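The sequence and model come before the details.

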Amino acid sequence: MQEESIYNLIPREYVPPPKPPMYHSKFDPTIPPTGSTFINHTTSRPGVANLGGNYNLGLEAHSNRGYSNTMGRARGTVKPSTSEFTRKHTGTMGSNMLPPPQKFSYDDSYKKPSIPSKDEKPIMGLKSNKNYIVTNAVENILAAPKALKQEKRFVESANYGKTPAYLQRIKDQINGEYENIREMQMAEEEARAAEKFVMSPEELQQLREGLKKKWEAVNKEYQTITHIRNIDTQGLKRKKEECEKQLAQIEKDMEKLNKQYIFVNSNA
């Protein structure tokens, strides 16, 4: 990196760079260029010459040899015949006889009116004594007045104050939907009511007696544990808790069966 110095402000003398040597191509400049159109020596040459990029191509005439000619018939098969030539009335367009000549005439409907001759003079000096101001005033005074468009009074309409038909139609649709919902709810209530039934007094009495017997059996077993003052084993402790739990549940069930009517849900 160049250090800062006041001598750097002094402009230095320009030293031109050395000129490189002149470029010389390694190819011969006298050979025709590739794809050139300016080297056609004879009329038998194609429009573009030296497409192969040959170095030794000269300006002499060349033979037009057909390389890769694959289109059309084979060479030499298409030759003119002296007996097959176009004859009269044998063309593809049929008969070439012209129609008989007719006199040409213009259509009068397309003709414009003729221009006036030099002897025809326009009518000059025509004057009118009509007073257009007075005539216009008289026509406006005598003219009938314009009929005013009467405004339609909707209060006098036949449908004024009546409920539109579309509102009544929508109201009927809403009422129909409410009726369907009400019917569905009633059907569900009937189905739920059919699932419930009232127990007969005989069944209630049988259940009460069964619960009473079960309570007596559990209570008898429970009484055998209550006289023990010190329950020191896990088995006795667990047995006492189980008996208390069963007695509480049986008393709760007996309280439910003391009602006059007992309903039973078959799906519960």
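## Salt bridges

A salt bridge is a side-chain nitrogen of Lys or Arg within 4 Å of a carboxyl oxygen of Asp or Glu. The model is predicted: local features need pLDDT of at least 70, side-chain atom pairs count only at pLDDT 80 or more, and totals for chains, interfaces and linings use all residues. Residues are numbered from 1 along each chain as its sequence is written, and side-chain values use heavy atoms, without hydrogens and water.

Four salt bridges are present. One of them joins K111 to D108, with 3.3 Å between the closest N and O atoms. For R153 and E156 the corresponding separation is 3.0 Å. K239 pairs with E221 at 3.4 Å. This pair links distant parts of the chain, 18 residues apart, with K239 in helix 4 and E221 in helix 3. Helices are DSSP runs (H or I, at least four residues), numbered from the N terminus.

## Nonpolar core

A nonpolar core is a set of buried Ala, Val, Leu, Ile, Met, Phe, Trp, Tyr and Cys residues joined through side-chain atoms within 4.5 Å; buried means under 20% relative accessible area, exposed over 50%, partly exposed in between (1.4 Å probe, protein chains only). The largest core has ten residues, including L204, L211 and L257. Helix 3 (201–226) and helix 4 (234–256) each give two or more residues to this core, and helix 3 provides the largest share, four residues.

## Exposure

K111 is exposed at 53% relative accessible area, as is D108 at 55%. K239 is partly exposed at 36%.
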